[in-house]
Amino acid sequence: MAAMAAMAAGGGDFSDLREIKKQLLSVAERSRERGLQHSGKWAAELAFALEPLPLSELPPPPVLTEEDARDLDAYTLAKSYFDLKEYDRAAYFLQGCKSQKAYFLYMYSRYLSGEKKKDDETVDSLGPLEKGQVKNEALRELRVELSKKHKAQELDGFGLYLYGVVLRKLDLVKEAIDVFVEAAHVLPLHWGAWLELCNLITDKEMLKFLSLPDTWMKEFFLAHIYTELQLIEEALQKYQSLIDAGFSKSTYIISQIAVAYHNIRDIDKALSIFNELRKQDPYRIENMDTFSNLLYVRSMKPELSYLAHNLCEIDKYRVETCCVIGNYYSLRSQHEKAALYFQRALKLNPRYLGAWTLMGHEYMEMKNTSAAIQAYRHAIEVNKRDYRAWYGLGQTYEILKMPFYCLYYYRRAHQLRPNDSRMLVALGECYEKLNQLVEAKKCYWRAYAVGDVEKMALVKLAKLHEQLNESEQAAQCYIKYIQDIYSCGEVVEHLEVSTAFRYLAQYYFKCKLWDEASACAQKCCAFNDTREEGKALLRQILQLRNQGETSSTDVAAPFFLPASLSANNTPTRRVSPLNLSSVTP
């Protein structure tokens, strides 16, 4: 316990990086001894990012107790079986061991044996899309035994971690959170406990009420949970402060920053960081599926093909590799092959979130809605914070013409991504179908206010105003839409630009503003679908002018379109602005 107390020392202070490196090397070794490979790897990667220690400062090997010495032979034999995934065999030889290390390995072997049998049964007999009721039969026994030890205060930090995992698997979330918090207090350097805690926290409010230890590890935890909760600005600040504290070479931090930029759809930034990461760690497979998502969004077929081949050479039976290959086939519109690779990924790890969501997308492409719904539901079971799965379910029920269902799922997606315009536009369309037009207007306006990614919110809002005969508001929306399209330099062949010009031309014609109507009608002539209407309107304007019709004098202060739209900055009528920005759906 004294060693653990020493490890907990230091608080959130990064001034003594040598001491931190010693702690990381020590906990990496202790994690590996207990078969906790991922926690050991995380600590080792972080330690590698710090300056090497001289021989005199290397952490000493852990002191053996009498119990450790008695259990040494059984532990050494069992650990060799454990490493070869012979979990039942390892547990058999560890029965009756009393030392903390051997007892943990005994219980962990039993847990992993149950998990392996459950996964094998799920994959073999049911296939990855069935809803099988396969359970890890060992969990209840493990819970009973560990709870006795817990009450007697005989569990160390690793034991508490395993107890928390068992509770989480039994869906005892509240109890699991309490135990993981306790584990973080007893052994703050064990990353596994922090990570499990991270998976159970659903919002910022829950985070506020946690009594966490004041240790430098807490900074890594907060950065990670902020990324998970889509609080990207806070996450990036945390990661920047960790880099400034001395972890600038950490590939873990670099990959997390890339994931954070991916989450806010800053694709260029995320791509450049991933490319830098590949140079530093060319054989890395972790997070490469996220990298492939970015290449997919940008339709970068050669780069995605190279990544898929490269990962195949490194390890073709890794979950991430299968997802990358799946993305590659999806980009080539070979959706059956893509779904096959996502299924392969799920055979390797049935709890791999990304593969469930991506497989749902593929089934959507293949118009197999029932399979898509099952895949998205599995994704939500793995992680209720996956907005893509909620959004995917919304889209699926939209195809099935079940607007009340899709409204529920889009709302859930919107709660997870309140500033994502795609969720708001989808919600607006849903409200429109349900004839709740006031709610629909709020959603479209909010989507525009938070930065409309697909540049469709204003058009949809304008059409809604058209439908309600609110011509001035519709005109205002179309003007803003045209300004946005031209100011961000997008191609003028944008689908709805011609619709906007046609409406404005007719609107100004009705208002007897011939100059403005003429300018918009000329713009209509540039598009195939509105060319004839534009010409007809120009002829009418010319005819009325020849008859001596004068422009309307009821014009407010001019509202200018961008210079690129007309040579003489045609003034257009100012219409009253919408007052919906303060209202959120």
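Visitor: Hi! What should I know about the model before we start?
Guide: It is predicted, so residues are numbered from 1 along each chain as its sequence is written, local features need pLDDT of at least 70, side-chain atom pairs count only at pLDDT 80 or more, and totals for chains, interfaces and linings use all residues. Side-chain values use heavy atoms, with hydrogens and water left out.

Visitor: Which residues have the most contacts inside the largest nonpolar core?
Guide: Those are F220 and F221, in a core of 188 residues. A nonpolar core here is a set of buried Ala, Val, Leu, Ile, Met, Phe, Trp, Tyr and Cys residues joined through side-chain atoms within 4.5 Å. Buried means under 20% relative accessible area, exposed over 50%, and partly exposed in between, with a 1.4 Å probe and protein chains only.

Visitor: And what is F220 in contact with?
Guide: Beyond its neighbours within four places in sequence, F220 touches F14, W42, L46, W191, L242, F247, Y252 and I253; contact means heavy atoms within 4.5 Å.

Visitor: Which cluster do ring pairs build around F220?
Guide: They link F220 with W42, W191, W216, F247 and Y252. Rings of Phe, Tyr and Trp (its six-membered ring) pair if their centres lie within 6.5 Å; planes under 30 degrees apart count as stacked, over 60 as edge-to-face and the rest as tilted.

Visitor: How many aromatic pairs does the structure hold?
Guide: There are 30. One of them joins Y328 and Y329, tilted, at 5.6 Å centre to centre with 55° between the planes.

Visitor: Is Y328 buried or exposed?
Guide: Y328 is buried, at 14% relative accessibility, and Y329 is buried at 15%.

Visitor: New topic: which ring does the charged end of K101 sit over?
Guide: The ring of Y75, 4.7 Å from its centre. K149 lies over the face of Y103, 4.5 Å from the ring centre. The test is NZ of Lys or CZ of Arg within 6 Å of the ring centre and within 35 degrees of the ring normal.

Visitor: What about phi at N435?
Guide: Phi of N435 is near 65°, a positive value in a residue other than glycine. Most residues other than glycine have a negative phi.

Visitor: Where does N435 lie?
Guide: In the loop between α24 (421-433) and α25 (437-449); helices are DSSP runs (H or I, at least four residues) and strands are E runs of at least two, numbered from the N terminus. N435 is exposed, at 57% relative accessibility.
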